[in-house]
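Here is a short note for a colleague who is meeting this structure for the first time. Please read the points below with the sequence and the model open beside you.

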Amino acid sequence: MITVLSPMAGVNDKTFRNLCLSMGADVVYTEMISVNGLVNGNRKSFEMLPNPKENAVIQLFGNDPKYFARVVDVVQDRHPKWVDLNAGCPVPKVVKNGYGAALMKSPMLVRKLVEVLVSRGFLVSVKMRIGWKEERNFMEVARAALDGGAFLVSIHGRTVEQGYTGKVDWEPARMLKKELAIKVGVSGDIFSAFDAMKAINFTSADMVFVARGAIGNPWIFRQIKEMSFGQKLKNISFKERHDILRRHLLNSIEEHGIHGIMIFRKFLAAYLKGLPGSHAVKVKALQTSNLKLLMEIVNAYFDKLISCEQGGVERGNT
Ligand SMILES: Cc1cc2nc3c(=O)[nH]c(=O)nc-3n(C[C@H](O)[C@H](O)[C@H](O)COP(=O)(O)O)c2cc1C
């Protein structure tokens, strides 16, 4: 089973991509990057591009074939594994400009944009939703992607209107896999290795996309692999959790400078979620932007957990 870190704006920086790769993700996507931003030399858009050695999938959003044609050299320089077209982002400021999920309303434009990228030698995929609201035109959009030369469509099993509410529907992924000669990625509500197995067994998709389920839980990729190989699922120890959290924080600072602490906050909260007595630690840790202090708070908390864990193991062994 191919496991994929699904694109997430504001989350999938280089640090998180590398972390997920080290935890067993087969493929990592960048966050969505504006084609117009790249063409206009926007610094932030350029900063989102992966470095050539990463072999990440670059996800682009935009809607003007001329701009897509102009951006190919910049993208090529970063040696992407492949290039993905965002046709699924429902955020109003994106959609209102005709980008992201707005493309679900123009299958012919999806085809055109894919063609532009394919004609320049890229492997191309399209990430989409199941439709705008009741009318679920995912098949039409996927067919347009296929006709344009895409090798993969990934589908988040919700409508644009739904956003992230309601229950995900994996049926469209199953139908795409059955009806089209294209690879399919299934996305939505995969929060555990068990969910991943369920999604793949139900849809027969080629790839499983994990987004929110990887935040604070990047070892999900390893667990999916373990389960798909029929191995017993190993719980992550407090010690390893602590090591990963620390590595994540330090790499975030290396990537973003001291601002990396702020960026790390959303991950920190997720790493601590559900751990015994973590609420008070979280409140304290999220209040400081001093690295030394933050480390002290986190280390003291995990030291306690680890000593309990090891004490428990020793007792268990006697
Ligand atoms: C914070 C956040 C940012 C996202 N950004 C993007 C994005 O840039 N491009 C995209 O195609 N999907 C984006 N998504 C959608 C995810 O890739 C994924 O399809 C969706 O969250 C459903 O998967 P999940 O239930 O595993 O989170 C984003 C989701 C989240 C939660």
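**Notes on the ligand site, the domains and a helix pair**

1. In this predicted model, 22 residues lie around the ligand, and those that come nearest are S6, P7, M32, A211 and R212. Sorted by class, the shell around the ligand is made up of 9 nonpolar, 9 polar and 4 charged residues.

2. The chain is divided into two parts, with domain 1 covering residues 2-228 and domain 2 covering residues 238-317. Between the C-alpha centres of domain 1 and domain 2 there is a distance of 30 Å.

3. Where the domains meet, 8 residues of domain 1 are in contact with 9 residues of domain 2. On the side of domain 1 that touches domain 2, the residues comprise 3 nonpolar, 3 polar and 2 charged.

4. As for handedness, helix 4 passes helix 6 in a right-handed crossing.

5. Which residues make the contact between helix 4 and helix 6? From helix 4 the contact is made by P65, F68 and A69, and from helix 6 by K112, L113, V116 and L117. By class, the residues of this contact of helix 4 with helix 6 divide into 6 nonpolar and 1 charged, with no polar residue.

Methods: Residues are numbered from 1 along each chain as its sequence is written. This is a predicted model: local features need pLDDT of at least 70, side-chain atom pairs count only at pLDDT 80 or more; totals for chains, interfaces and linings use all residues. Domain bounds come from an automatic or database domain assignment. Two residues are in contact if their C-beta atoms, placed from the backbone, lie within 7 Å. Ala, Val, Leu, Ile, Met, Phe, Trp, Tyr, Cys and Pro count as nonpolar, Asp, Glu, Lys and Arg as charged, and the others, Gly among them, as polar. A residue is near a molecule or strand if its C-beta atom, placed from the backbone, lies within 6 Å of it. A crossing is left-handed if the near helix is turned anticlockwise from the far one by less than a right angle, and right-handed if clockwise. Helices (H or I, at least four residues) and strands (E, at least two) are DSSP runs, numbered from the N terminus.
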